[in-house]
Amino acid sequence: MRSALPILQSLERSESPSVFNRYPRSLMGSPAPPEIMSGESPEAVMLWAHSKFSRLALVASLQAESSVLIDMASRAGIGVRVITLDTGRLPQETHDMIDRVRDRYRISVDVIVPDAADVKQLVHEHGTNPFYRSPDLRRLCCEVRKSRPLAGALIGFDAWLTGVRRQQASTRSETQVVAEDLEHPGLTKVAPLAAWSKDQVWSYIHEHDVPYHSLYDRGYTSIGCAPCTRATSAGEDERAGRWWWENDEVKECGLHWTPDNRPLPIVHHE
Ligand code: SF4
């Protein structure tokens, strides 16, 4: 019998609760200002982050929230590196969206791909669509195609912006506007839209004529990899179309969720 995949073993290790204790308290200082932590003004949060962190990335999934953040950064003249993850399984519409963002804002988008050797091993051991076979294999695929590439892409940055909102899912309900990123040592994670509703996101998009992912017009309410995302029906949760075949599993890939569902701690600054 074949031995367990090293990358699967490493995934299991990464889900150990000890991960929450491995970073020194010395990272902490005084808290971010209350008006920033409230998230009332995402633009103010972005300007604060830009002034606080000299090496700031915007990690874009190309969903509606990414569209808002990129537009806000552009209007505010915030120089930020835009990064996106090409898992190798994205729908064509996401690639089209990357080009639309490049054209509209005249910015470069850093497209990060997974390590070829990791993907080769994953496919060799588990086939091209392992995610349909078990939640563990789905999480392994996300680890190889998303989490590891993101960790590599964030090396050299001080902080990153994400479009995560509290209302997207119960797993995100405790999202802090500014938090110490326990998964990426020394980094701060900033969620300017944490306090915003879906209606606020779409009002901004329509008011400012912001380009948005075309799959929203085909009934999608959350967009990830092609084989793992479907359109949703009226009354379904926003993320019900993600890994829809799974029952009672957390609808998260690991980028914005900690294994024991503890909220990430608030970051402090000197
Ligand atoms: S969303 Fe699906 S295809 Fe994409 S990385 Fe996760 S399991 Fe793999």
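**View 1. Strand S3 (residues 81–85) is mostly covered, with four of its five residues buried.** This is a predicted model, in which local features need pLDDT of at least 70 and side-chain atom pairs count only at pLDDT 80 or more, while totals for chains, interfaces and linings use all residues. Residues are numbered from 1 along each chain as its sequence is written. Buried here means that 20 or more other C-beta atoms lie within 10 Å of the residue's own; exposed means 12 or fewer, and partly exposed is in between, with C-beta atoms placed from the backbone. Helices (H or I, at least four residues) and strands (E, at least two) are DSSP runs, numbered from the N terminus.

**View 2. S3 and strand S2 (residues 56–59) pair in the parallel sense, over three bridges.** Two strands count as paired if DSSP finds at least two bridges between them. Look for Val-59, whose bridge partner in S3 is Ile-83. To get from S2 to S3, the chain goes through helix H4 (residues 64–76), and this β-α-β crossover is right-handed. Right-handed means that, with the strands pointing away from the viewer, the path from the first strand over the helix to the second runs clockwise.

**View 3. On to strand S4 (residues 109–112), which pairs with S3 in the parallel sense over four bridges.** Ile-83 turns up again here, standing opposite Asp-110 in S4. Leu-85, meanwhile, stands opposite Ile-112 in S4. The chain takes helix H5 (residues 92–105) on its way from S3 to S4, in another β-α-β crossover that is right-handed.

**View 4. Zoom out to the open sheet: six strands in the order S4-S3-S2-S5-S7-S6, with mixed pairing.** S4 and strand S6 (178–180) are the edge strands, each pairing on one side only. On average, neighbouring strands of this sheet are turned by 30° against each other, direction ignored. For angles, axes are lines fitted to C-alpha atoms, for helices over the stretch in contact, and values run from 0 to 180 degrees between N-to-C directions. Strands of a sheet pair through backbone hydrogen bonds, either parallel or antiparallel. The antiparallel sort shows up between S6 and strand S7 (residues 188–190), joined by three bridges. Within that pair, Ala-179 has Lys-189 in S7 as its bridge partner. Helix H3 (residues 42–52) lies across S2, strand S5 (159–161) and S7, and runs at about 160° to S5.

**View 5. Asp-71 sits in helix H4.** With 19 other C-beta atoms within 10 Å, Asp-71 is partly exposed. Setting aside neighbours within four places in sequence, Asp-71 is in contact with His-208 and Val-210. A contact means that the C-beta atoms of two residues, placed from the backbone, lie within 7 Å. Arg-104 is 33 residues from Asp-71 along the chain, with 9.5 Å between their C-alpha atoms. Across the protein chain, 73% of the contacts between residues at least 6 apart in sequence join residues at least 24 apart.

**View 6. Here are two residues with a positive phi, Arg-106 and Trp-243.** Most residues other than glycine have a negative phi. Arg-106, not a glycine, has a phi of about 55° and is found in the loop between H5 and S4. It counts as exposed because Arg-106 has 8 C-beta neighbours inside 10 Å. Trp-243 has a phi near 45° and lies in the loop between helix H8 (198–207) and strand S8 (268–269). Trp-243 is buried, though, since 24 other C-beta atoms lie within 10 Å.

**View 7. Ala-117 belongs to helix H6 (residues 116–126).** Ala-117 is exposed, with 10 other C-beta atoms within 10 Å. Val-144 is 27 residues from Ala-117 in sequence, and the two are 9.9 Å apart in space, C-alpha to C-alpha.
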